[in-house]
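Biologist: I'd like to go through the ring contacts and a helix packing in this one. Can you take me through them step by step?

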Amino acid sequence: WAGGYPEIVKENELFERYYRELGIVPAGEWGAFMAALREPLPATLRITGYRSHAKEILHCLKEKYFRELQDLEVDGQKVEMPQALSWYPEELAWHTNLSRKILRKSPQLEKFHQFLVSETECGNISRQEAVSMIPPLLLNVNPHHKVLDMCAAPGSKTAQLIEMLHADMNVPFPKGFVIANDVDNKRCYLLVHQAKRLNSPCIMVVNHDASSIPNLLIDVDGRKEVLFYDRILCDVPCSGDGTMRKNIDVWKKWTTQNSLQLHGLQLRIATRGVEQLAEGGRMVYSTCSLNPIENEAVIASLLEKSQGALELADVSSELPGLKRMPGITKWKVMLKDGQWFEEWKDVPSNRQTQIRPTMFPIKDEEKLKAMNLERCLRILPHHQNTGGFFVAVLIKKSPMPWNKRQPKVHQKLLQRTGDSEVPAASSDNGSECVTEDPTLAENEESKKKQELQNSDTEQSKKEGVCGPPPSKKMKLFGFKEDPFVFLPEDDPLFLPIQKFYALDPSFPKMNLLTRTQEGKKRQLYMVSKELRNVLLNNSEKMKVINTGIKVWSRNSDGEQFGCAFRLAQEGIYTLYPFIHARIINVCIEDVKILLTQENPFLSKFSSETQKKVKDMAMGSIVLKYDPDPEKPDDLQCPIVLCGWQGKTSLRAFVPKNERLHYLRMMGVEVFKAKRKEEESESKTAEEVQHRLAQTEEEMDVEDKEHDLVTKMEAEAGEESCHSPVESTAMEVENKIEDLDQSSKNANSHVSQESKDTDKSNVKE
């Protein structure tokens, strides 16, 4: 730009000297390697695999959006047709030669870009770097696995792990769960945003230093046991020299000093990971660096001190089609001034704080051979037009040697929890008491908690309160989170809900929770019973940022319709299998009306729908669309929507991006409607397009919506007393907020909505 910033020169002599010497690039390929690093990274996307409509999105992408890119030229560059990643299962990941910058800025690609942004918001697509997709695939997660993601933000890999848990969409509560951790409090909220798009009751976001993440306890048949994970993803902080194609400033800032400083932290995090891994479990260690100091040196050191408890898995047959280089067994250490060291004994004493013995390769040839370091994977950028990456898959065969000598610690643990296990036998609900009492009994260090123990023990037992850690621990960093309060079994709140929606007797009501101890409960959330177990047993030692999905929202006027809580769209796929009343089956034309018109009158729907609605009381309803196999041109995946039945109208409570998603899948053009929002409010040629634009505006402005509903009801000649009921009931879940009238007692489930979460430092 004229008078702007000078362009970063993509040269670094030390970088070239270092990697030429190490020989990680095959002979004759150095030129191609450097040329690839200087090219911008192509845009890649991944379709969320567990959704029932993944095939529909794939079909839409192939037949519509990709075809429109054919023969297109942008800034003199011909746009290549997007290609499926050959190694990713079921054609669910794609890449194109378009860089992210061109995709954002080019007017010809605006429609495609808008599609990507909208579908990403819905959780149907993840815009994720190709190499970043590899570690979760190599973890081989099954729905019953307990998974720990140690350094999870910003959350694209976490999203993949959640998808794998929900491989079977017919099972609303898989037995497994994902605990996603990050040390940075602000990045945790970005992680929450990513995870919430997938609407899973099996994800918990926590905020800890991964190198000292605490052991968690779970209740197993009345006994406290340490939680060991079946799968651990250990994607550690790194120097990031494999990301030069998208993080251009790495060219200027790269030095070997970064790797030397990070090596110790990476080794501590990996060690903590394998300590918490179950026997027979699998841990994937990964970095976006090419440097052996951060990669093979960490793995070799970990294998050496494990004394045979760990082994590198041979994954050469997994992910066929992925071009990879084997791990190396010989490397040297270089200081930022260019000085090389081949062995620890050569390092002068004044340098021994910077360079550590674990950074050097093992000298014992037999030990080195037994480690099988060649089983590691190094992805080079020029092989498949990607970023640089390193992956190692570890299997735990037996406890770590330093853990074998700890029976005394286990005995102390049992003694400490033993006193609290006594009341369990005389309790009506044994499991809950067992999990509650330690929460109160062990909190002696805090006076406030001691008072609460003396005065409110019974109440806390009853409510299933899983509060934040003691104030002493809360001073460390970040925001103070609201407590997690499980609904007691005899809570009068639940009975009208159960009756109104005819919930199945198998509905796990013990898994319902709120985020407030006092005042009206405005939102009800749901977790799986396994996460409930984790929450109740570890409230003191664990800083939980977020867990659970919203399933019901309080409707201020709902009580006069028989139930004070309406269904929430984000939790409807989890709830639907348990609901036996207030379900209306609708045809595809009805779905289009619901999604394109803000508050359509009943007369606009099919006669079948009108008959079903006629005998149903006003209030929250479920709208279900089942595909007709005899009409292959229609949408071929089921849809479940939350709705509201008024006196003379029917409407859907669906967030804006989700509306657009379903309309795209049904072949309704939504791009033009978006453009028309900016024009005057004159009538368009197509009524559907006009109403969709109107809907989008209304969902953004609460007052405008209120005026419209009041006006429509006045025109319909409805009773004046009904108007405020409808207007307060006509909430739209735009993103994750309700448009209910705010109350002082309301507690937001996602605390970042009310806090400034500065995302400027977040690394993509």
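Biologist: Let's begin with Phe 66: does it count as buried or exposed?

Modeller: Keep in mind that this is a predicted model. The cut-off for buried is under 20% relative accessible area. Phe 66 has a relative accessibility of 2%, so the residue counts as buried.

Biologist: Which residue does Phe 66 form an aromatic pair with?

Modeller: Look for a ring with its centre 5.0 Å from that of Phe 66 and its plane at 50°, which makes a tilted pair. The partner lies in strand E5 (residues 93-99), while Phe 66 lies in helix H3, so the pair ties together parts 28 residues apart in sequence.

Biologist: What about Tyr 65 and Phe 112, how are their rings arranged?

Modeller: A pair of aromatic rings is described by the distance of the centres and the angle of the planes. Planes under 30 degrees apart would be stacked, and over 60 edge-to-face. For Tyr 65 and Phe 112, the centres are 6.4 Å apart and the planes are at 35°, so the pair is tilted.

Biologist: How many residues apart in sequence are the parts that Tyr 65 and Phe 112 tie together?

Modeller: Tyr 65 is buried at 3% relative accessible area, and Phe 112 is buried at 5%. Tyr 65 belongs to helix H3 (residues 54-68) and Phe 112 to helix H5, so the pair ties together parts whose separation in sequence is 47 residues.

Biologist: How many charged residues does the contact of H5 with H23 have?

Modeller: Glu 119 and Glu 121 of H5 take part, as do Glu 658 and Arg 664 of H23. Alongside four nonpolar and four polar residues, the number of charged ones is four.

Biologist: And which ring does the charged end of Arg 566 sit over?

Modeller: There's also Arg 532, whose charged end sits over the ring of Phe 486, 5.1 Å from its centre. For Arg 566, the distance to the ring centre is 4.6 Å, and the ring is that of Phe 653.

How values were computed
Residues numbered from 1 in each chain as written. Predicted model: local features only at pLDDT ≥ 70, side-chain atom pairs only at ≥ 80, totals over all residues. Heavy atoms only, no water. Contact = heavy atoms within 4.5 Å. Helix = DSSP H or I, 4+ residues; strand = E, 2+ residues; numbered from the N terminus. Nonpolar A, V, L, I, M, F, W, Y, C, P; charged D, E, K, R; others polar. Phe/Tyr/Trp six-rings, centres within 6.5 Å; stacked < 30°, edge-to-face > 60°. Buried < 20%, exposed > 50% of the residue type's maximum accessible area, 1.4 Å probe, protein only. Lys NZ or Arg CZ within 6 Å of the ring centre and 35° of its normal.
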